[in-house]
Every structure is written in C-alpha cells, then in structure tokens.
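Here is my note on the model you sent. Please read the points in order, with the structure open beside you.

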Amino acid sequence: MDRRLSLFSFPPLLILCVSLVGLSAVDGRDNRTEHRTFTPINLDLYHSSIRLLGEINGLVRRHPDKLSKDTIKAGNKGYHTEVTVITYCHGRKDVYDNSKFRILLSFGQHGRELITSELALHILSILTEEESLDNIDSITLNSFLDKLVIKVVPMENLNGRKLVEGGDLCERRNGRGVDLNRNWSVDWGKKEKDYDPYEENPGVAAFSEPESQIMQKLATSFNPHIWVNVHSGMEALFMPYDHRNTTPNGLYSVRMRSLLEDLNRLHCHNRCMIGSGGGSVGYLAHGTATDYMYDILRVPMAFTFEIYGDGEASSKDCFKMFNPTDFATYNRVLKDWSAAFFTIFKVAPKHIDEISSQIALSSSKKFESMDDYLQGYLMDRSSRYGKKTEVLDLGMQEIRTYFRLFLLSFVLLMFMFCSRISKTKSLRTSMSSMPL
Ligand SMILES: [Zn+2]
C-alpha cells in the first residue's frame, strides 16, 4: 500500500548520486557517513527469497497431511514470473469441501516489504505446529483450524523482491516497474494530483501483469470468504475502499470494522489506524487488489494490513522504513501479527456465519411481510367488493357441483357402453364356433 518518494528511486538521480560519490572519492572526501544513512538488509534476521521459499518447501515436505504447494507461472511480452501458493487444509482430503471457510492471504506484493514474507513463513510454521502461539494449545488450535482451508501466497512479487535483494532497497514494483497494487480493474488507471509515476505505475492496462493475472485467477477459482493483503510501511488495519475515502454500507462492513477494532485492541496495542484505505492512508489508491476482491469477487471480508512502519526513518532509508531492523522488534512484529491472523482464523468464520443467519432471517421476514401484504390486499379487496365476492363464491360452488354430476354420469354411461360391447363379442364368439 505504501508509497514513498525516494531519491534513489529515480534512475537519473541514481546515476547523478553515483557520479557524485565517484567525484567525492576522487576529491579525497570521505563519503562513508553518507553510506551509513542507508540501512542494508539484515541477513541475520531476514531470509533471502530463495532461502525463504526453501524453508517453506521444507514445511510442505515435512507436513504433507497439512500443506500442499502449487507453483503458478505466467508471462507476456518476454516478461515471466511464478507465484508459489501454499494450501493449508488439515487432513488435506477436504480441500474442495465447500462447507469449509476459505481464507486467502497474500504477502510480499511490494518488493521492499520483506517483513511480510517473513510473517507468511512464521504463520505457516505455526499452522504446522513447528512454532507455537502463546496462550493456545494444540487441541484448541486444531479445533478451529479444522473448519478452514487457507491459501497463502508468501511472495507475490518475486521479481520485484529480487531487485530489492540486488540493492534497489526502495523498489516496490514488479520486475518491469509496475505497481501490482494498482494493476487491478476497480477504478484502474485513475491518477490523483499527487500521482507518483515511480511508485504507482498501474501498467498499460488492468491485469497487464502476470502476477496480477495469477492472483486474479487464484482468487476467482478459490472464491474466498476472507482476503488479506499484507503490507508494511505503517501500522494499520484497512477495509474497503482504497479508491474512495468511505467504507461500504451493510452488514459485512459493520462486521469488518468490528473485527478490525478487536484486532487493534488485542494485537496492535491500539496503535493501528482503522478504516477505509482511501480515507485513512492520506491518498486514494486506484486499481487495488482489496477493492477488486470486495467489489467484483464479492469477498465478504476483504482487508489490507500494514504490519510495521518506521515513521522516523529517512525516506531514502527504505529497508529501515518498511522493515524492523533489530531482533527484538522483528520478533515482536512476527509474534503480534501471527497472533492477529490466528484470531481471524478463530473468529471471522463466526462473524460470517452470523451475517448469513441475519441475512436469511431478514429474507424470511421479507417473505412474511409479503404474505402479510397479500393477506391485507385480499382483505381489502373482499371488504371493498364484499357482496360481489359472496355472489361469485356461491356461483362457483354450484358450477363445481354440476361438473361433478356430469363427470359421474359420463363414467356410468361409459361403463354401460363397454359392458354391452363385451356381451355382444362373447355372443359372436359362441355363434362362430357352432358350424364346425
Ligand atoms: Zn505495500
């Protein structure tokens, strides 16, 4: 979700800066102070993309009863990518059981937000019980996980992530410069006054990017009840809309907000901003995944979470701005947010069940009121045309009686006619046998 203006984001400025660094070296000036302002990726804490996906492969191999992996590939115009999708389903056999709640989570849609993919790995480790959650035992955990199928995309933007690992720490877009959270079709391509082409390039068309195409197909076929797009850059719990500064109306919207308030209190230490993405983040975002999930795919609960941000960091210091840099904060973020996701796994299906019951109840009330309406309408008619109705009713009764009598006589006549024919036939048969 987050976008930041970065000097190092502009290739011409990058060249200029590199030239200046070169010149200062020639001049003999010490530029080490300047370099120290940019925090490098802390490799003691963070996995490389290859290592992280390797760790996830290990989990899938060790827990075939719970996890399965799909790799979806797509490409166009010489640009190719692949998206790893991990499916959690206890027992595996019920993956296609429609009675289960379906949850779709995406991490790493923006390359520079490394902490989000670390969280994906941590959640998968808890799902397989290789890691544990505080205050929750295995039996309780499995009692609510049994009702779910969870699909996790741990690193949606693999190509963008590789650019970050290659040194472009401020890169958020995919491998060919498109912001994957502006490439969806709801309000696609609309540009605000503060539009920043480096940060928010929406692509040449909605779903022009292979990553978005893969995600759209995945979401359409899986048809989730809950969608969460996980980002970093600030601490926030967003619901639709991103392209407007309002939230939708209706029961689901009320429940979404209530769930977010609970999550804020329980897991975000009341620090999280809550509300519509467009109304809270300070800018409207057009063509986002969450707006598409809610508006087009009708996912009942669609969210964007911002799990960490360092507001004090310099806008050039992207690794620090979007990711915890020390061990304690890194662990705290993983712990708090994995607990938040397990709260969702536990309570969100209940919310959706209750909404479904409320909707069913209100539709039955509608039917009741329709009956009442008809009853009232007929009463009204009978009072207005009371006498005529009585006369008509009497007439109808007589017609019915005559019709019944007519039918009875017809049946009797037919019976007599048939028995007569039968007697004649038997007489003829006896006569024909006589000459022989
Ligand atoms: Zn983001």
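1. Start with a term. Two residues are in contact if their C-beta atoms, placed from the backbone, lie within 7 Å. Leaving aside neighbours within four places in sequence, Leu119 is in contact with Phe107, Val230, Ile307, Leu334, Trp337 and Ser338.

2. Some ground rules. This is a predicted model, where local features need pLDDT of at least 70, side-chain atom pairs count only at pLDDT 80 or more, and totals for chains, interfaces and linings use all residues. Residues are numbered from 1 along each chain as its sequence is written. Helices (H or I, at least four residues) and strands (E, at least two) are DSSP runs, numbered from the N terminus.

3. Now the cores. A residue is buried if 20 or more other C-beta atoms lie within 10 Å of its own, exposed if 12 or fewer, and partly exposed in between. A nonpolar core is a set of buried Ala, Val, Leu, Ile, Met, Phe, Trp, Tyr and Cys residues joined through C-beta atoms within 7 Å. The largest one here has 71 residues. Leu105, Leu119, Val152, Leu237 and Phe303 have the most contacts inside it. Helix H4 (residues 114–127) gives the largest share of this core, nine residues. A second, separate core has eight residues, including Leu163, Val164, Cys170 and Phe322.

4. Which strand does E6 pair with? Strand E6 (residues 234–239) pairs with strand E7 (residues 273–276) in the parallel sense, over four bridges. Pairing requires that DSSP finds at least two bridges between the strands. Phe238 stands opposite Gly275 in E7. E6, helix H9 (residues 251–267) and E7 make a right-handed β-α-β unit. Right-handed means that, with the strands pointing away from the viewer, the path from the first strand over the helix to the second runs clockwise.

5. The UniProt annotation "active site", from an unreviewed entry, covers Glu306. Such annotations may be inferred rather than shown by experiment. Glu306 lies in strand E8 (residues 301–308). Is Glu306 buried or exposed? Glu306 counts as buried because it has 25 C-beta neighbours inside 10 Å.

6. Last, the backbone. Most residues other than glycine have a negative phi, and most peptide bonds are trans. The bond from Pro240 to Tyr241 is cis, with omega near 5 degrees. Tyr241 sits in the loop between E6 and H9. Glu129 has a positive phi, near 65 degrees. Asn135 also has a positive phi, of about 60 degrees. Glu129 lies in the loop between H4 and helix H5 (138–145), and Asn135 is found in the loop between H4 and H5. Glu129 is partly exposed, with 14 other C-beta atoms within 10 Å. Asn135 is exposed, with 7.
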